[in-house]
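Here are some notes to read alongside the structure, written as a colleague might set them down. Please keep the sequence and the model in view as you go through the points.

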Amino acid sequence: MNYYFPDKKGHFGEFGGKFVPETVMPALHELEEAYLEAKKDKNGFQAELELYLRDYAGRPTPLYFAERLTHDLKGAKVYLKREDLAHTGAHKINNTLGQVLLATKMGKTRIIAETGAGQHGVATATAAAVLGLPCQVYMGDEDIRRQRLNVSRMKLLGAEVIPVSSGSCTLKEAINEAMRDWVTNIRSTYYVLGSVVGPHPYPMMVRDFQSVIGKETKHQILAKEKKLPGYLLACVGGGSNSLGLFYPFLEEEVELIGIEAGGLGLSTPRHGATLAKGSIGVLHGSKSYLLQDRNGQIRSTHSVAPGLDYPGVGPEHSYLKKSGRVKYYTVTDSDALEAFRWLSQIEGIIPALESAHAIAYLKRLAPGLNRDEIVIVNLSGRGDKDLEEVSKK
Amino acid sequence: MSRLEARFKKLKYEGKKAFIPFITAGDPNLDLTKSLVLELEKRGADAIELGVPFSDPIADGPVIQRSSQRALKEGISLLKILELVRELRQKTEIPLILMGYYNPIFKFGEAEFVKRCSQAGLDGLIVADLPPEEANDLKKEADKNGLDLIFLLTPVSSEERIKLVSASSTGFIYCVSYTGITGDERKGEQDLKELISKIRGLTSKPIGIGFGISSASSAQKAASLADAVIVGSAIVKRIEKYGDSKNLLSEVGTFAERLARATSFD
């Protein structure tokens, strides 16, 4: 394998690293050691995690040939990787089971997390419940308002949801507060970050836990089609579902495409298209592309999909963009909403608004491809959480 | 010898400890920041930390978060702060230190930023989210331009990190008094004796203690352990309370004087 990132210091080329207050440095070191140990522990940690993923989370998730959709687009053959069918309704559970299990091995007694769409919060609350640890989740006021269903779910699962009312009251502020909590309770607390963002080792660890998506996809498509797909498509907020799908394909001849939130359009400031419109900077512990002003202050973002409403992106995505290995495009709120309805009606699958961004791009991509081409879209989550908000549009 | 080094030498000779107040540059506005610096010096400050406001200050508690927001609303940028430093330097020789987060500096360009800092007459830099591991470029520039780059240690720092930070830090070493964010008075003092004696065993660089010091008695206690006492949130809270009222300088000044007296002798 030629692709071997991050390096020992957590860098993906010029990106990544550990840009954190000194208090956090020993904790990151401790986490990295514990994670590398767990990674090697095939018969212990890995076997236990596999069991949870299979019997508890319902893995492997199906790779579904979307026949009506394929027919409708009159182009490439389209498969959907059904992460929406994983327990709790999104790919987030792959990561939270891994991290909370690790927390128990490290002897941590309390779990904290941030959440945007609420999917990571629900998945963390779930993993904390099944593994018996108390859990607090930071969530922006605006996201609490627009993702009420997930707030109720977290509470029912025994987690405490702590509202965050600073700034734009979304994911960025929730991460700020979770980090402040972690700095304060560093000895007892495990911080479950929900995406491939943050200081090393989080981007690497979350990618590894999520790469179960890509590994399964590879087996499944080879079994069904005896060949690899031409294209993989996934939405990118922080970038965990996309990296989870892409990672096992990085050295294959497969086109990898990430879709960012175009919000109200890239000609406006109201979007979340970090890779398309951002510049390099440091936020939440790593160097990556960022939406920032000329003074290095972080801009507020907008997307109809709370999980994509973030001014940063995982450092590995920044590397993959700069190296040209992955191509990134954007889809607007209105195109995502249209795709949300379209997929519901044509396949009977209600996608999360985040995943609907990838579906919207599929509508642009697939019709121009030959019928023997294969496109796989990561359907990263289900859309029940979005119904209330979509009905207002 | 840097201004900061000279100040610590002089204090040591006099058997005194340094009192270093922190205020956010541009809160409530840049003119008042200038007056506050001069007032704090008059009331016994030995150096001043000027906070550089950032949109996402993850190491700061609510008081300094709000202060940063007020300063950002004033349109404060690094360029304006450097201009303030330049103006102050024409009036005072007190050591001036900027404290902030890495992204605005990175965006400015490290080499250019450090060059301008030293031209403006700034003495030191503290970057809250930049551990020595990630600071190679900034350190190289700072060393070249005679700017002190101050790193932090905490009660959870390992031997290895104490060695690394003690070796990397110039000007002084900033000991964070508890695990947490700025201005948490509930935290109480954690035992810093062990940390400080470990640092003393490695280096003769001065040591400052900060975070959560809000009264004359806590300042005095910190002064008995270290060479400098840093007070931020407790002062910023008073700036928030008095805003641009005519009592601002005298209220903040009186409070600072109490802290300076408590700090002066151990």
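**Notes on a helix pair and a chain interface**

1. In this predicted model, helix α10 of chain B, covering residues 216–225, packs against helix α12 of chain B, covering residues 248–264, at an angle of about 30 degrees and with the two axes 8 Å apart. Angles under 35 degrees count as roughly parallel, and α10(B) and α12(B) are therefore described as roughly parallel to each other.

2. The crossing of α10(B) and α12(B) is right-handed. On the α10(B) side the contact is made by Ala216(B), Ala219(B), Gln220(B) and Ala223(B), while α12(B) contributes Arg258(B), Leu259(B), Ala262(B) and Thr263(B).

3. Turning to the interface between the chains, 37 residues of chain B are in contact with 34 residues of chain A. The area buried between chain B and chain A comes to about 2,900 Å², and carbon and sulfur atoms give 55% of it. Within chain B, the residues that lose the most area to chain A are Ile58(B), Lys107(B) and Glu134(B), which together account for 22% of what that side buries.

4. How many salt bridges does the rule find across the interface of chain B and chain A? It finds two across that interface. The side chains of Arg161(B) and Glu22(A) meet in a salt bridge, with a distance of 2.4 Å from N to O.

Conventions. Residues are numbered from 1 along each chain as its sequence is written. Chains are lettered from A and ligands numbered from 1 in the order in which they are written. This is a predicted model: local features need pLDDT of at least 70, side-chain atom pairs count only at pLDDT 80 or more; totals for chains, interfaces and linings use all residues. Side-chain values use heavy atoms; hydrogens and water are left out. Axes are lines fitted to C-alpha atoms, for helices over the stretch in contact, and angles run from 0 to 180 degrees between N-to-C directions. Helices (H or I, at least four residues) and strands (E, at least two) are DSSP runs, numbered from the N terminus. Angles under 35 degrees count as roughly parallel, over 145 as roughly antiparallel, 65 to 115 as roughly perpendicular and the rest as oblique. A crossing is left-handed if the near helix is turned anticlockwise from the far one by less than a right angle, and right-handed if clockwise. Contact means heavy atoms within 4.5 Å. Buried area is the accessible area (1.4 Å probe) that two parts lose on being put together, summed over both. A salt bridge is a side-chain nitrogen of Lys or Arg within 4 Å of a carboxyl oxygen of Asp or Glu.
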